[in-house]
Amino acid sequence: KIFHIPQTQTFCRGEWLVYHPLITTLPGLYLIPALIAQFSQRLLPFITMVTTCSVRYLRLINIVYLVLSIPIVHAIIWLLHGDRIINILQPIAKKKTNEFNRDLRKNNQARGGGGDDIALSEQHFDDIIDDVQTHFTLEILLFPLNYFYAFLFYT
């Protein structure tokens, strides 16, 4: 934090060639908030939180990064584990769906009703898999360490 915030604020002032010698990472983290600040200085100079790259603004950028990473992490999980998730969940979902439909038919017949008015369909398999994927994504993004560091600026 003692290096990264001042480095970003240096970029925000337009000093693109000044780089702290103790920072060993690429400047990608600093570029987005600095470019937004440069843009704001020209069009919205009255928003000093942005134009000066305040600590609050930089922490807000981390939260934006966190939110924007949701679809990326979701896609990575699907790419790496999609087949495995389907292979694990599909038999369970089919079994539960068949049990639900069987119990529904029994209850409808016991009451003298017709049958499959609200039976679950194949579409429910996809819904269950999507829900599990979303759950995994949120679990990873809200992992306590990641959640904690999302409110700092690259510490």
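**Cores, a covered helix and a charged patch**

The largest nonpolar core has 12 residues: I5, F11, C12, I23, L29, Y30, A34, A37, C53, Y57, L58 and I61. A nonpolar core here is a set of buried Ala, Val, Leu, Ile, Met, Phe, Trp, Tyr and Cys residues joined through side-chain atoms within 4.5 Å. Buried means under 20% relative accessible area, exposed over 50%, and partly exposed in between (1.4 Å probe, protein chains only). The model is predicted: local features need pLDDT of at least 70, side-chain atom pairs count only at pLDDT 80 or more, and totals for chains, interfaces and linings use all residues. Residues are numbered from 1 along each chain as its sequence is written, and side-chain values use heavy atoms, with hydrogens and water left out.

At least two residues of this core come from each of α1 (4–12), α2 (28–43) and α4 (55–110). Helix α2 gives the most, with 4 residues. Helices are DSSP runs (H or I, at least four residues), numbered from the N terminus. A second, separate core has 7 residues, including L66, V73, I85 and L89.

Helix α1 is mostly covered, with 7 of its 9 residues buried. These are H4, I5, Q7, T8, T10, F11 and C12. After α1 comes G14, with a positive phi near 90°.

On the surface, D126, D127, D130 and D131 gather in a patch of negative charge. D131 lies in helix α5 (residues 123–141). D131 counts as exposed because its relative accessibility is 55%.

Note on methods
Patch = residues over 30% accessible without salt bridge, like charges linked within 9 Å, V, L, I, M, F, W, Y side chains within 5 Å. Areas by Shrake-Rupley, 256 points an atom, 1.4 Å probe, with all protein chains shown as cover. Salt bridge = Lys/Arg side-chain N within 4 Å of Asp/Glu carboxyl O. Lys, Arg positive; Asp, Glu negative; His and termini not counted. Charge placed at Lys NZ, Arg CZ, Asp CG, Glu CD.
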